[in-house]
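User: I would like to learn how to read packing and strand order in a model like this one. Please take one feature at a time.

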Amino acid sequence: MSTVIKNISTVVTCDDKDQVFDNIDIKIEEGIITEIGECLEGDEVIDGKNKILYPGLVNTHHHFYQMFTRNLPQVQNMELFPWLKTLYEIWKNLERDTIYNSSLAAMGELMKHGCTTAFDHHYVFPKDGVGFIEAQFEAAKDLGMRFTASRGSMDLSVKDGGLPPDTVVQSVDEILKDSQRLIEKYHNKNDMQGIVLAPCSPFSVTGDLMRESALLAREYGARLHTHLAETKDEETFTLEKFGMRPLEYMDSLGWLGSDVWYAHGIHFNEEELKVLAQTKTGVCHCPISNMKLSSGVARISEMLELGVPVALGVDGSASNDGSNLLEEIRASFLLHRLHSSGKAPTGYDILKIATRGGAKVLGREDIGSIEVGKKADLFMIQKSQLGLAGALEDPKSFLGTVGYTGEVDISMINGEVVVEKGRLVKIDEEKITEKVFLSAEKLLTAL
């Protein structure tokens with residue numbers, strides 16, 4: 001069975017040559033792009049006329065469970081540490097049903113805005129938090145999303161000098177046992193799913209947990225992820241507790257290398273940026289979250305110049321108040337224009353961060369660009385919209401400079417249409433929306 005997308009007005013490939021094709025066809029077989037050319041034939045035809053086609057976006061840092069704690073008035077003007085302490089009192093009441101529904105809502109919103117691969121950093125496990133990661137994989141399968149989960153963790157509670165309450169931390173042995181179970185269950189089983197080990201942050205986990213997680217992940221060839229250099233408070237914490245800056249502390253625990261990427265990476269100094277580049281340690285940039293929490297501006301221009309692997313993420317829905325990676329692209333472009341002027345990355349640079357950059361930090365060579373042999377993960381935008389008049393002279397930079405935050409016309413994952421005319425295809429969206437709202441209301445009764 002083959003599918004041909006016919007007469008596509010413009011294809012922005014994000015390939016090594018930065019090619020853009022006009023009036024072209026793309027043939028897809030068994031989820032793979034097999035031909036890019038003219039007059040191609042297939043068993044099924046999708047009309048690409050008056051559409052711009054882009055590689056699917058890759059989101060490399062999120063917290064799906066936060067979807068139901070957006071826009072809470074009591075935390076809107078807080079910075080990270082007090083924000084976390086306040087919200088943990090709600091998050092400690094998470095249940096499996098909450099995880100499934102919040103994952104469904106977050107991934108659904110991502111997909112409707114061009115994201116085809118998502119990574120989620122889940123680290124809150126109340127005492128009855130059984131089956132949380134399985135619930136996320138179930139939601140991803142129901143939607144048709146390409147999904148990498150994490151077995152996140154916390155073992156440093158308030159009584160030990162950390163931030164989280166005692167009810168959401170676990171012992172190192174308990175965490176490692178479940179981490180090994182999930183790696184063996186999901187890692188490298190198929191290309192629609194993956195597992196990463198992801199202790200939460202230096203202020204919520206012990207050095208023992210970080211060190212042992214790295215050893216376990218590398219034994220199985222899994223990747224590593226954590227928050228790092230997000231705030232000055234974190235820097236003060238590691239200096240006072242360990243006598244080291246955050247990156248030096250991570251280095252002492254074996255947390256540098258091409259199999260590691262950090263969320264945020266705002267407060268690295270020049271020497272630390274060079275270390276990241278030399279070790280090929282990645283950074284996921286989360287501009288909207290960083291602005292909302294007043295955390296600072298990551299030095300993305302310098303990272304790109306040095307060759308640090310950089311990806312894009314929306315971060316937790318409660319620190320972003322959304323799950324829209326298209327919105328993140330334009331916010332990132334504008335933020336760095338303001339902060340770095342002529343040295344700022346272009347709109348097209350940000351698009352490549354959101355596609356190829358995300359694929360790289362996830363260790364994926366089969367997604368991130370439109371090329372023969374790559375997975376057919378893509379989305380299309382209808383050109384003939386009133387709001388796009390005069391805006392499409394440079395389709396490579398358009399998503400950054402002008403921006404598009406509406407729902408996409410078509411999104412395809414692994415060669416299968418999963419969004420059509422802005423609607424999720426594989427589920428009953430109205431029915432699911434009703435369930436999701438009820439699940440959110442149940443969690444918020446903890447307020």
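User: Which residues touch the most other members of the largest nonpolar core?

Analyst: In soluble globular proteins, nonpolar side chains tend to be buried together. A nonpolar core here is a set of buried Ala, Val, Leu, Ile, Met, Phe, Trp, Tyr and Cys residues joined through side-chain atoms within 4.5 Å; buried means under 20% relative accessible area, exposed over 50%, partly exposed in between (1.4 Å probe, protein chains only). The largest core has 119 residues, of which Trp 91, Tyr 262, Phe 268 and Leu 399 touch the most other members. Another core, of 15 residues, lies apart from it and includes Ile 8 and Leu 378. This is a predicted model: local features need pLDDT of at least 70, side-chain atom pairs count only at pLDDT 80 or more, and totals for chains, interfaces and linings use all residues. Residues are numbered from 1 along each chain as its sequence is written, and side-chain values use heavy atoms, with hydrogens and water left out.

User: Which strands pair with β12, and in what sense?

Analyst: Helices (H or I, at least four residues) and strands (E, at least two) are DSSP runs, numbered from the N terminus. Two strands pair if DSSP finds at least two bridges between them. Strand β11 (residues 223-228) pairs with β12 in the parallel sense over 5 bridges, and β12 pairs with β13 (residues 282-285), also parallel, over 3 bridges. Ala 263 has Cys 284 in β13 as its bridge partner. Between β12 and β13 the chain crosses through helix α8 (residues 270-279), in a right-handed β-α-β crossover; right-handed means that, with the strands pointing away from the viewer, the path from the first strand over the helix to the second runs clockwise. In β12 (residues 260-264), 5 of 5 residues are buried.

User: Which residues of α8 are buried, and which are exposed?

Analyst: Glu 272, Leu 273, Leu 276 and Ala 277 are buried. They lie on the same side of α8 because they cover an arc of only 145° around the axis, the arc being that of the directions from the helix axis to the C-beta atoms. Glu 271 and Gln 278 are exposed on the other side of α8.

User: Where is Ser 323 found, and what does its side chain join?

Analyst: Ser 323 is in the loop between α11 (317-320) and α12 (325-340), and is buried, with a relative accessible area of 0%. A polar contact of 2.9 Å joins its side chain to that of His 62. Such a contact is a pair of N or O atoms within 3.5 Å; within protein, one must be able to donate a hydrogen and the other to accept it, and residues adjacent in sequence count only if both atoms are side-chain atoms.
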